[in-house]
Amino acid sequence: MAFTATLESSGHAAKITLTGELDASSAQIFKEEIEKAAVTKPKHLVLMLQELDYMASAGLRVLIFAKQKMGVDVDIYVVGAQEMILETLEKTGFIQGVIAVDDYDSIEVENV
Amino acid sequence: MERIDIHPTHKHGDFKLRVGRPMPFGASLVPGGVNFSVFSSYATSCTLVLFKRHAKEPIAEIPFPDEFRIGNVFTMTVFEIDYENIEYGYRMDGPFNPQEGHYFDKNKILLDPYAKIIGGRDVWGVTPDWNDIYQHRSRISFDDFDWENDRPLEIPPEDQVIYEMHVRSFTRHPSSGVKHPGTFAAIREKISYFKELGVNAIELMPIYEFDEFEHSRPSPITGELLVNYWGYSTVGFFAPKAGYAATGKLGMQVDEVKALVKELHKNGLEVILDVVFNHTAEGDQRGPTISFRGLDNKTYYMLTPEGYYFNFSGCGNTLNCNNPIVRNIVLDCLRYWASEYHIDGFRFDLAAILGRDAWGYPLSNPPLLETLAFDPILAKCKLIAEAWDAGGLYQVGSFPAYGRWAEWNGKYRDNIRKFLKGDGTVGDAAQCLQGSPNLYAHQGRGPATSINFITAHDGFTLADMVSYNDKHNEANGENNNDGCNDNDSWNCGAEGWTDDSGINALRSRQMRNAIAMLMVSQGVPMILMGDEVGRSQNGNNNTYCHDNELNWLDWDLLKTNASLFRFVKNSIAFRNAHPVLRNKYHFQNRDYVGSGYADITWHGTQAWNADWSPSCRTIAFMLCGQHAKAGSVEDNYIYVAINMHWEAQWFEIPGLPEQLRWHISTNTGCASPEDIWEPGTEPKLENQHGILLGDRSIVILVGK
């Protein structure tokens, strides 16, 4: 499945929805969306991963980039990640740098 | 405007190329592509071989044009390469003439000795495809881990308590209860265990990529597959063992190891790597050609005049460590692990080899050891030598240290073991308890030079040391010929497991005696994984080939041997609570702070009157707390009485300053929980003038 990354802003949050497989060939697309999101200076970066099937190490690298680009004050939410992706985040320790949640409470996140 | 240095000048098929940068060696990401650089003195040509990850056949073979060779380095930048999904290797052409030391064979695909990730053994224990034309595959890594504010801890060496452990063994047992048994990720789940125990450094047995299937064979006894379990046989010095990573199948082992180091640091724990530079997994002329042999055999290995491999490692070959090229790869490797992985120290396996010249003679001023000692990047790393090798060079006390190197003190192990079972002398034991000044003080080397240990991965576990007189290595399938014969162990009256309660009580006491002596010795204590809960290897003192319960830590022992764990935990806490046990400099045997007491004083069953005769089995010493850390901090007085006699002995206790009283911290002659008290809870000793020590027991008092 082809990779897509779609950015939308809502309240204080920048929301990026990812679908398909995130690897070295698609990481650049994701990175560009992060850069666009950073311009809006959000308080929260919300990554909707329900439809993301695979994340290679290049995907992790973009997460690091996002954290460093946005700054430590910006919370990164990882929403609905599939089991394998969640496990990858856990095993590599990246889970500690994000807030992993099953569901997305838009009212709480976007307006705080 | 396009940068000229990233403009391709050559083509090979669809690949755009340019002459590369010779430094650094290995594969490096550069703007627009990947820079490959590999050294060979004698190769006549070199070809870069590219695979898609896991593919059986290469996708491309790109010969290095002649103009891409600079000196003895082949270097090329390949542009627009899918670096995340690429595996690469080299074909080297040149003479094949073993008598001259050359093993070039362009039919073989060679691993990059600088590979930062190695594929091919991605998941532990999965039988390899032996028909694969390229078994160990170089991959490209990224150096962009998010370390946040992490940095090496730089704990003063004398304040360390080291826990020697095997990555897989630590959590592989089903009782560990972790999500990913046997992996780096699993160690993260057990950090609270280290903290409870009180150690502040873990020393990991080899984690560089090795091949568990090297010399694998069925056990002649059980039929079970025997493997290269401990991993003292390096395939690649720069790559972490993929099979130890829960993410190895995804190629994310670099991140997993870094995440572990970062988390350990956050919890005040240092990471020391056991590194093996004395030989490689290529073995002798019968072994596989993986990397060095095919790249430049004559440079990397020590060879006899006839072209055979010198074998000072006992493993077939010996790395030619003091050749300038090899020195550089060792230095590059350690710098990489120190800077990129934030590693706090290194323990060098069979380090005496690192001081030999190309023909095996010990050098008086070994350039490699000197280089490592003075390297600016390694400046704060602990450097620990196993100061002997399999060729008979034994340098404990004489290892070329340059003011930097510490040593695994094998003499400490031997002397304490002998004294523990009643065969040693008080003089030897007293040296050990003081940090072995007889070995180190005259060279100006401090107590922390001595890494004190009674057990290590080589040899008996603590429980086996008090349960077996002889090794029982039959399960290794070598007719019990392997492993050390000089164990200085004592079975306390029965060989192996017994229901005899008297023998078991004595064993339990002897284990406590060993731990107590280790924790009150000046120097750096090291304990072996599982000794704190009485882990046994059933008398096997060389379990290098067992991926089974002989090596795995059974976490249920925490319940069944809870009192021993409590004793070890409190012994470490006692050491951590008392800086007078952790001095940077050797004792001076005099009062240099005006306390009225010398920094250390020796006693026997009579206070102030030690018996140094060879037949004596009792000794006591007192440390004056006002001399702690050379008088820079104030501590309690500590009195330690050791009775290794088979009969109880009355010890007269030296008097304290007027306002102080002796309190009892440890008495291994008492049953748990009165064998040891938590620091701060020690009860006052009823008789301030003397104490009866049971047979083979130790008492530790605190004067406060």
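Predicted model: local features only at pLDDT ≥ 70, side-chain atom pairs only at ≥ 80, totals over all residues.
Q: Where in chain A is the place of A:Lys41?
A: Residues are numbered from 1 along each chain as its sequence is written, and chains are lettered from A and ligands numbered from 1 in the order in which they are written. Helices (H or I, at least four residues) and strands (E, at least two) are DSSP runs, numbered from the N terminus. A:Lys41 has its place in the loop between helix H1 (24-39) and strand S3 (44-55) of chain A.

Q: Is A:Lys41 buried or exposed?
A: Buried means under 20% relative accessible area, exposed over 50%, and partly exposed in between (1.4 Å probe, protein chains only). A:Lys41 has a relative accessible area of 72%, so this residue is exposed.

Q: What is the phi of A:Lys41?
A: A:Lys41 is not a glycine. Even so, its phi is positive, at about 50°.

Q: What is the phi of B:Asn589?
A: B:Asn589 belongs to the loop between helix H14 (562-577) and strand S26 (600-603) of chain B. With 46% relative accessibility, B:Asn589 is partly exposed. B:Asn589 is a residue other than glycine, yet its phi is positive, near 60°.

Q: What is omega for the peptide bond from B:Met23 to B:Pro24?
A: B:Pro24 is in the loop between strand S2 (15-19) and strand S3 (26-30) of chain B. The bond that leads from B:Met23 into B:Pro24 is cis, and its omega is near -5°.

Q: Which residue does a cis peptide bond join to B:Ser672?
A: Look in the loop between strand S30 (662-667) and strand S31 (690-693) of chain B, where B:Pro673 is found. The bond has an omega of about 10°, and the partner of B:Ser672 is B:Pro673.

Q: Which residues point the other way from B:Ile162 and B:Glu164 in strand S14 of chain B?
A: Strand S14 of chain B covers residues 162-165, and all of them are buried. B:Ile162 and B:Glu164 take one side. The other side has B:Tyr163 and B:Met165.

Q: What is the bridge partner of B:Met165 in S15(B)?
A: Two strands pair if DSSP finds at least two bridges between them. S14(B) and strand S15 (residues 201-204) of chain B have four bridges, in the parallel sense. Across from B:Met165, the partner is B:Leu204.

Q: How much area do chain B and chain A bury between them?
A: Buried area is the accessible area (1.4 Å probe) that two parts lose on being put together, summed over both. Contact (heavy atoms within 4.5 Å) takes 20 residues from chain B and 20 residues from chain A. In chain B, B:Glu84, B:Asp146 and B:Met252 lose the most area to chain A, together 29% of what that side buries. Of the total, 49% is on carbon and sulfur atoms, and the total is about 1,800 Å².

Q: What is the volume of the largest cavity?
A: On a 1 Å grid over the protein atoms alone, a cavity is a set of points where a 1.4 Å probe fits but cannot get out, and a pocket is an open set with protein on both sides within 12 Å along at least five of seven lines; lining residues have an atom within 4 Å of a point. Grid points are joined across faces, edges and corners, and a volume is the space filled by probe spheres set on the points. The count comes to six cavities of 30 Å³ or more. The largest cavity has a volume of about 140 Å³.

Q: Which helices each supply at least two residues of the lining of the largest cavity?
A: The lining has 16 residues, and those closest to the centre are A:Ser57, B:Ile117, B:Ile140, B:Phe142 and B:Gly251. Helices that each supply at least two lining residues are helix H2 (57-70) of chain A and helix H4 (253-266) of chain B.

Q: How many nonpolar residues are in the lining of the second largest pocket?
A: This pocket has a volume of about 590 Å³. Ala, Val, Leu, Ile, Met, Phe, Trp, Tyr, Cys and Pro count as nonpolar, Asp, Glu, Lys and Arg as charged, and the others, Gly among them, as polar. Five lining residues are polar, seven are charged, and the number that are nonpolar is 15.

Technical notes. Heavy atoms only, no water.
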